[in-house]
Amino acid sequence: MAKTKTRYVCQTCGSAQAKWMGKCPDCGEWNTLVEMVIQEPAPGRPAALVAGAPTTPQPLPDIPADGYERIPVPIGELSRVLGGGIVPGSVVLISGDPGIGKSTLLLQLCAVLAEDGGKVLYVSGEESAAQIKLRAERLGITTPNVLVLADTHLESVMAHIEKTQPRVVVVDSVQSIYSDAISSGAGSVTQVRDCSTQLLRLAKSQTFPLFLVGHVTKEGAIAGPRVLEHMVDTVLYLEGERFHSFRLLRSVKNRFGSTNEVGVFEMAEKGLVEVRNPSEAFLAERLPNSAGSAIAVTMEGTRPILVEVQALTSATSFAQPRRTANGVDFNRLLLITAVLSKRVRARLADQDIFVNVVGGLEVQEPAADLAIAAAIASSARNRPVAADLALVGEVGLSGELRSVGQLPRRLNEAAKLGFTRVLVPKTATRKLEHPPAGLQVLGARTLREALEIALMPAAAAAGSG
Ligand code: TYD
Ligand code: MG
C-alpha cells in the first residue's frame, strides 16, 4: 500500500522540501512553504495488475481464463476494442488528434455507465463545467449520475475521487493535471508521469476503472513520457480525418483483450454513432464500373473491411510527375508504380498519379497492393474493374502476387456484401478449403495476369469521361 510522507511545498514555485524553511531555496520567497502530506509509492511493490487477484503461486489449470468480472459497456464497438467490457481497476489511455472526438466518446461512455445507477466522475482539466454541459446537451445526456469536476489540481481530484467513490473515473486530459508536490510546470514530463502514477495507484487500490485522455504530439505519438504507455493497461487511439465523419478506435495495447481491434464510429449531429457494418458504409457512394476504382478487402485487426481504392492518372505538366497518396503508404505507392511500369509495361512515367482510399481510412496492409495497382492501371487504360470483383494480394518486386493472411475471413466479408468474384494470389487458392457459397475465387500468379482478369474492356463506362 502507498506510504505517505510530509513535504513542505512552496506556494510560489511549487518546489518541495524535506523540512520547513523560512525562505524557499528555489525561488527565494519568504514564508511560502506549506506542510503537505504526499502519498509515496512503496518501492519495488507495484500495484497488482488485477485488484483482488491472489498473490500466491497457482497451478496453471486452476487459474480461471478470464478471472475478472467486467463492467459491460452497452456501446458495442467500444466494448469490443476494450476486450469485451471494462475490467475494474484497469487504466485506459485514449489518445488522438485534437477535435477528433475523445471527449465526446468518453462523455457518451460516462452516460451509458451512469444509466445503471452508479456514479461516474468526469474530471475536466481543459474545459469548464459549462462547456461539458453544452456537449452533454448536444448528446442528450440528462442523468444526474455523471458528476463533472473541472479541476486540474491532482491532490484535490484524488480527494474528490475518494469522497465520491465513483464507479468509473475519466480524466480529460492527463497533461492538464498538475501536482503541488512536483516542482516542474504543468504538462511537463515529470508532472505527467508522476500524476498518472498516483492516479493509477488509486485506481488499482480502489478498483475503479480509470480513463485517461492523452494528447498527441505533431508526429502523432502520445505527448509526455513514453513510459505512460507502459504503465497503463490499455492504449487506444481515436483516428480519422477531420473532414470525414468516420472515426476508428484502435487498440494498440491491451492487457485484457486482443490488440489491433478496431471499432468504427461516425461523428454525427448527436455524438459518435456506431457503424456496425463498416464495409457497407465505406462502399456506399461507389460508382460501379468507373475507371480508376478497385475494391480491396483489408483486415483491421481480426475484422475484414472492404474499402474502395481510387486512382487517377493524368498527363503531367511537370518535368517530374507527381505521386500523391491519401490513405495508402507513399512508399508503397512508389513501389507499386515501379512494378506496374517495369513488369506490366504500363506507361506511367509522364503521368501524375493520385491514389485515395475512400472514407478517410488508412490502409497499411500489403494485401491492398493488388487493388491499388488495379485502380492505377484501370485509370491509365481507362478500363473499369468489374463491379462484382474484389481484390486481395501483395505485389512483389518481380511482379508476382504473394499470398496474405486471414483469407477465409476476407472472402466471407466479400460474399456478405454481394461480391460474386474475388481475385487472389494463385498460391492462396490451393490452400483454400471451403470458399463461401456463391463466391468464385479466381487465382492469378502475376500482376499482369491479375490485370487481365480484373480490367474490363474500355466500354462506355460511367465516370470515365
Ligand atoms: P471533441 O470530443 O471535443 O474532440 P477532442 O476531445 O478529441 O478534442 O470533439 C470535437 C468535435 O466533434 C467538434 O469539431 C465538434 C464535433 N462534434 C460533432 O460533430 N457532433 C457532436 O455531437 C459533438 C459533441 C461534437
Ligand atoms: Mg477534448
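1. A quick definition to start: contact here means heavy atoms within 4.5 Å. Please also keep in mind that this is a predicted model. With that in place, look at helix α2 (residues 102–114), which lies across β4, β5 (120–124), β6, β7 (168–172), β8 (210–214), β9, β10 (246–254), β11 (262–268) and β12. Against β5, helix α2 runs at about 160 degrees.

2. Those strands belong to one open sheet of nine, with mixed pairing and the order β6-β5-β7-β8-β4-β9-β10-β11-β12. At the edges sit β6 (146–150) and β12 (271–274), each of which pairs on one side only. From one strand to the next, the twist averages 25 degrees.

3. Within the sheet, have a look at β4 (residues 91–95) and β9 (residues 234–239): these strands run parallel and are joined by four bridges. Leu93 stands opposite Val235 in β9.

4. Now for the nonpolar packing. The largest nonpolar core has 48 residues, and the members touching the most others are Leu340, Val355, Ile376, Leu391, Leu423 and Leu447. Helix α9 (residues 369–381) is the top contributor, giving eight residues. Both domain 2 (73–276) and domain 3 (280–456) supply at least three residues to this core.

5. Ile376 deserves a click in your viewer. Setting aside neighbours within four places in sequence, Ile376 is in contact with Ala311, Thr313, Leu333, Ile336, Thr337, Leu340, Leu348, Ile353 and Val355.

6. Another core, of 35 residues, lies apart from the largest one; Leu113, Ala114, Leu236 and Leu249 are among its members. As general background, nonpolar side chains in soluble globular proteins tend to be buried together.

Key. Residues numbered from 1 in each chain as written. Chains lettered and ligands numbered in written order. Predicted model: local features only at pLDDT ≥ 70, side-chain atom pairs only at ≥ 80, totals over all residues. Heavy atoms only, no water. Pairing = 2+ DSSP bridges. Helix = DSSP H or I, 4+ residues; strand = E, 2+ residues; numbered from the N terminus. Axes fitted to C-alpha atoms, helices over the stretch in contact; angles between N-to-C directions. Core = buried A, V, L, I, M, F, W, Y, C linked by side-chain atoms within 4.5 Å. Buried < 20%, exposed > 50% of the residue type's maximum accessible area, 1.4 Å probe, protein only. Domains from an automatic or database assignment.
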